[in-house]
Amino acid sequence: MRTITVVGARPQFVKAAVLAPVLARAGIADSIVHTGQHYDRNMSDVFFDELAIPEPAYTLGVGSAPQGQQTGEMMSGLEPIFEREQPDCIIIYGDTNTTLAAALVAAKMSIPIAHVESGCRSFDRSMPEEVNRVVTDHLSTFLFAPTEVAAANLYAEGIRDGVHVVGDVTIDLAHATAERLPPAPSILNRWQLRRGSYAFVTIHRAGTANDVVTFEGIVGALRQLGMPVVFAAHPRVRPMLDAMGAGAPGDPIIVTDPLSYIETIAVVKNARVVITDSGGLQKEAAVLAVPCITVRTTTEWIETVRSGWNVLAGTDPEAIISLAHRPRPDTPLPYVADGLTAARIVNALMASRAPLKEIA
Ligand code: UD1
């Protein structure tokens, strides 16, 4: 069996890192295509190096552009590659413009699509990611849902065939990575942080980061938390943070470039609270038993909220400040990592090998 994995943005590198060795062990010849949606070293290369992801066979170098242009350039780069490689299936992850571009091209070429992290919904179509999720799922052949909730979302949209509840590769990886961390990771010394005494923050989504007033309100709240704040700044928000004097002497906010995956897990695991608009971090905080505040009004990871480990604060500064000091939940964690998600995905692909083209 020959597959093509299409990645392009940070969270996809992490997910591909889990699947790549399992595909290889199963004898599946997988070629990676990197669209170049994320291209800075600390948004891309560092993940390939640290997580030992196989070198991409193709890199498209698309880079930043308005969403239509970005998606279109990815599509025209992917089409000749799919044509040349004639894969039995393409593998795509999550909800980015890279995911959507690959799904559109493959679907029109009748190439089966395996969508990992299928069925997640925030029910907020003003998010570009939600549009990407819905369209991708309706084009996919294999819908690898991380949870029963995600599978139920697919059924509710009339998708019945090809749904497999397999678990979550990011939960498996976060758990395995945290297990291997030393008790006092050296990255905490970089900022003289004590375990359990600081907030870890990432904010980058268009809905939160493109409005300066909203962003300034959030940063104002972070300054009033009464604890050090490590803000790992996506390039989209770095200029605003700099303009606001974040990270200047005396400021409680420590601004850092995006962290590597292992650094992120180390900083999350030892944080008192995580404050984020990222999807992945909400789950990682829950796996690592760290309370999370999500700076959005919706989440596609509803089980983190139902369990009490995550709360939706919206972008209201007062809500962020008061929730940061809420007592630690004593409820069970929403996720159990068994380390077998990738194996279940590969088993499902192998099991339906013969009719792959027919069921596309
Ligand atoms: C994308 C995904 C989002 C995911 C996030 C992870 C979409 C619609 N969104 O958002 O779901 O959570 O990746 O990080 O696909 N930039 C750089 N260097 C880089 C990458 C980006 O400077 O290496 C800057 C550019 O100014 C760019 C902006 O970040 O315009 C936004 O990048 P983009 O790829 O459009 O979306 P993300 O916000 O990263």
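In this predicted model, Glu-129 touches Asp-95 and Arg-205, residues up to four places away in sequence not being counted. Glu-129 belongs to helix H5, which spans residues 128–139. Its relative accessible area is 16%, so Glu-129 is buried.

The chain is divided into two parts by the domain assignment. Domain 1 comprises 2–168 + 337–351, and domain 2 comprises 182–323. Their centres, taken over C-alpha atoms, are separated by 26 Å. The contact between them involves 22 residues of domain 1 and 19 residues of domain 2.

The largest nonpolar core holds 63 residues. Within this core, Leu-19, Phe-144, Phe-200 and Leu-349 touch the most other members. Helix H1 gives the most to the core, with eight residues. Both domains take part: at least three residues of the core come from domain 1 (2–168 + 337–351), and at least three from domain 2 (182–323). The surroundings of Phe-144 were listed without residues up to four places away in sequence. Another core, of 30 residues, lies apart from the largest one. Among its members are Ile-203, Ala-233, Ile-275 and Ala-319.

Helix H1 also packs against another helix. Two packed helices are described by the angle between their axes and the distance between the axes. The axes of H1 (residues 10–25) and H7 (residues 169–179) come within 9 Å. They cross at roughly 85°, which means that H1 is roughly perpendicular to H7. On the H1 side, Val-14, Lys-15 and Val-18 make the contact. On the H7 side, Val-169, Thr-170 and Leu-173 meet them. By class, this contact has four nonpolar residues, one polar residue and one charged residue.

Leu-51 is buried, because its relative accessible area is 15%. Leu-51 touches Val-14, Ala-17 and Tyr-261, residues up to four places away in sequence being left out. From Leu-51 to Val-18 the C-alpha distance is 8.7 Å, although 33 residues separate the pair in sequence.

Ser-31 lies in strand S2 (residues 29–34). With a relative accessible area of 18%, Ser-31 is also buried. Residues up to four places away in sequence aside, Ser-31 touches Thr-3, Ile-4 and Thr-5, as well as Ala-57 and Glu-85.

Backbone geometry was examined next. Most residues other than glycine have a negative phi. Gln-86 is not a glycine, yet has a positive phi of about 45°. Gln-86 lies in the loop between helix H3 (67–85) and strand S4 (89–93). The relative accessible area of Gln-86 is 43%, so this residue is partly exposed. Gln-192 is likewise no glycine and has a positive phi, of about 50°. Gln-192 sits in the loop between helix H8 (187–190) and strand S8 (199–202). At a relative accessible area of 70%, Gln-192 is exposed.

Arg-195 is found in the loop between H8 and S8. Its relative accessibility is 53%, so Arg-195 counts as exposed. Arg-195 touches Pro-183, Leu-188 and Asn-270, not counting residues up to four places away in sequence. The C-alpha atoms of Arg-195 and Asp-137 are separated by 40 Å, and the two residues are 58 residues apart along the chain.

A further loop residue is Met-244, found between helix H11 (238–243) and strand S10 (253–256). Neighbours within four places in sequence aside, Met-244 is in contact with Phe-215, Glu-216, Val-219 and Arg-223.

Key
Residues numbered from 1 in each chain as written. Predicted model: local features only at pLDDT ≥ 70, side-chain atom pairs only at ≥ 80, totals over all residues. Heavy atoms only, no water. Axes fitted to C-alpha atoms, helices over the stretch in contact; angles between N-to-C directions. Helix = DSSP H or I, 4+ residues; strand = E, 2+ residues; numbered from the N terminus. Parallel < 35°, antiparallel > 145°, perpendicular 65-115°, else oblique. Contact = heavy atoms within 4.5 Å. Nonpolar A, V, L, I, M, F, W, Y, C, P; charged D, E, K, R; others polar. Core = buried A, V, L, I, M, F, W, Y, C linked by side-chain atoms within 4.5 Å. Buried < 20%, exposed > 50% of the residue type's maximum accessible area, 1.4 Å probe, protein only. Domains from an automatic or database assignment.
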